[in-house]
Amino acid sequence: MPPKRKHVTKSKYTVDRQIPGAFEGETITRRRFMTGGAHLGGAVATLAIVLPAAGFAFGPVFEKKDQPWNAVGLPDDFPDDTYVPVVVTLNDNIGQGGKTTVYMRKRNPEIDKEPEDEYNKWVALSTRCMHLGCPVRFVAASGRFICPCHGGVYGFRGEVTGGPPVRPLDRFYTKLERGQVWVGPRYSVNSELERFSPRDPGEPLDGIGQYLYPSRPTIRVGPNQ
Amino acid sequence: MPKLKLPAPPIPPALKPTPRRPHEHQHTAADHAKEAGIGAIGWVDERLGASGFGRWLLFRKVPKGTNWFYTLGSATMFAFLNQAITGVFLAMYYDPNAINAYESVRYISNEAFLGEFVRGMHKWGSSVMVILIFLHMARTFFFGAYKYPRELNWVIGVALLILTMAMSFTGYLLPFDQRSYWATVVGVNINGTGPLVGPYLSDFLRGGPDFEAITLSRFYAIHMMMIPGAIAALIGAHLYLVTKHGTTAPPWYKAETDPELRTEKE
């Protein structure tokens, strides 16, 4: 058995220990310095590639997208006791896929109890089902909106009356300008028809829902964006 | 370092070539061609060391009772290879552009020579791969082949299953017809129902708050480049671990006790 060698360090300086140091009078050995330098260089090179690529991929998550206003008709085109479908363009770079149907009617104070302002003189309901985003259809005979996918049913004001949807149909801001009715950005509503930043389908807004499904930087509430 | 001694491939005695007797030896042209071939392969092998690796990978001992269920893993791998090869050739015609995607798929199906066949191989092959991966997983589970020391290989397999599902999801959009479009809208919204991160995940998948032209190119890049690379790398790791640990015997085969040990016990 070889004799036990006790490693006694008299000084922390490499010069005193007769080991080559990184610099004169240093405590770090040359080997540790080179290893650390190689690791640091590798980390910098990796991050130089990974960070721009990740930023590029995740960039759209933080980028606000402008929501357009579309002129859809004259004020008298829309009755207050049934819905008229109009087609608006939300994205103009995806052909027919960027268009969507919106159900429009004039505000009727007898049934529309939410506070009136300049952006809801016409009621514009989105056709996205609030279960998972299939297109709903207005059935005039029953005065209800029906989703073909999983049987979601909405009442005349877009409130959920049956099936799996988690909140009433989304709405669009509307306004009167230059003699025409305009349909603007989308907003979401809870079961009290209070306005929220637009959420995706399947995200409830009652109770803690609005905190579990926060609004996103890409699309925020407000008619003027 | 001592040279690794690897087992020679087991060739039945009847097939073993008998060396020629010296007085019979004649150098024909076939002999020269054979020598040249052996020489060329030997030259490469001496520099690559590939024959040792090949023996390590292919000439393994397998346990008694190995049966057809053990082919499900390679069947899954060949389904993936089918997807990779047909996918590369489909990409020669496909145009990941919101305006032209449907038209390019229609061209593949209706006009390109054998286009319908190759697209069919890719389309039906994707279902075959998903079915095979589940059968392979079930085989591993019911044979207990996920147990020590093969737990990590199970984990890699689960990652491969998830990546295959992601391939199915992203590939479903690419024909860009009504079914693709609405299935993707629904699928992204299902992602969005995850609390807290869900809405941001949906934005990441779509590349924005709504389904847009860049959604299609994102899905195409994920389907065509990111996931296939990850799957190929993980299949490599999966096969390495299979080779390292070997396969398991079926559960109905009991380990045989050494007769000597049995006598000692009495």
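A:Arg31 lies in helix α2 (residues 30-58) of chain A, where helices (H or I, at least four residues) and strands (E, at least two) are DSSP runs, numbered from the N terminus. The model is predicted: local features need pLDDT of at least 70, side-chain atom pairs count only at pLDDT 80 or more, and totals for chains, interfaces and linings use all residues. Residues are numbered from 1 along each chain as its sequence is written, while chains are lettered from A and ligands numbered from 1 in the order in which they are written.

**Exposed helix positions**

- With 11 other C-beta atoms within 10 Å, A:Arg31 is exposed; a residue is buried if 20 or more other C-beta atoms lie within 10 Å of its own, exposed if 12 or fewer, and partly exposed in between, with C-beta atoms placed from the backbone.
- A:Arg31 and A:Ile19 are separated by 12 residues in sequence and by 9.8 Å in space, C-alpha to C-alpha.
- B:Ser127 belongs to helix α5 (residues 115-142) of chain B and counts as exposed, with 11 C-beta neighbours inside 10 Å.
- Between B:Ser127 and B:Val88 there are 39 residues of separation in sequence and 18 Å in space, C-alpha to C-alpha.

**Strands of chain A**

- Strand β4 (residues 122-126) of chain A has 5 of its 5 residues buried, so it is largely enclosed by the rest of the structure.
- A:Trp122, A:Ala124 and A:Ser126 point one way from β4(A), whereas A:Val123 and A:Leu125 point the other way.
- Strand β3 (residues 99-106) of chain A pairs with β4(A) in the antiparallel sense over 5 bridges; two strands pair if DSSP finds at least two bridges between them.
- A:Val102 has A:Ser126 in β4(A) as its bridge partner.
- β4(A) is also joined by 2 bridges to strand β9 (residues 171-177) of chain A, and these two run antiparallel; A:Leu125 stands opposite A:Arg171 in β9(A).
- Strand β7 (residues 153-154) of chain A and β8(A) are paired antiparallel over 2 bridges, and the partner of A:Val153 in β8(A) is A:Gly162.

**Helix α4 of chain B**

- In helix α4 (residues 101-110) of chain B, the buried residues are B:Ala101, B:Tyr102, B:Val105 and B:Ile108.
- They cover an arc of only 120 degrees around the axis, which puts them on the same side of α4(B); the arc is that of the directions from the helix axis to the C-beta atoms.
- The face of α4(B) turned away from its buried side carries the exposed residues B:Glu103 and B:Asn110.
- The cover over the buried residues of α4(B) includes α3 (72-90), α5 and α9 of chain B, two residues being in contact if their C-beta atoms, placed from the backbone, lie within 7 Å.

- The axes of helix α6 (residues 151-173) of chain B and α7(B) come within 7 Å and cross at roughly 135 degrees; axes are lines fitted to C-alpha atoms, for helices over the stretch in contact, and angles run from 0 to 180 degrees between N-to-C directions.
- α6(B) and α7(B) are therefore oblique to each other, given that angles under 35 degrees count as roughly parallel, over 145 as roughly antiparallel, 65 to 115 as roughly perpendicular and the rest as oblique.
- From α6(B), B:Phe169, B:Tyr172 and B:Leu173 meet B:Ser180, B:Ala183, B:Thr184 and B:Gly187 in α7(B).
- This contact of α6(B) with α7(B) has 4 nonpolar, 3 polar and no charged residues; Ala, Val, Leu, Ile, Met, Phe, Trp, Tyr, Cys and Pro count as nonpolar, Asp, Glu, Lys and Arg as charged, and the others, Gly among them, as polar.
- α7(B) and α8(B) pack at an angle of about 145 degrees, with their axes 7 Å apart; by class, their contact has 4 nonpolar, 5 polar and 1 charged residues.
- The buried residues of helix α8 (residues 198-206) of chain B include B:Pro199, B:Ser202 and B:Leu205.
- What covers the buried residues of α8(B) includes α7 (178-192) and α9 (213-245) of chain B.
- Just after α8(B), B:Gly207 adopts a positive phi of about 70 degrees.

**Contact between the chains**

- Chain A contributes 24 residues to the contact and chain B contributes 25 residues.
- On the side of chain A that touches chain B, the residues divide into 12 nonpolar, 7 polar and 5 charged.
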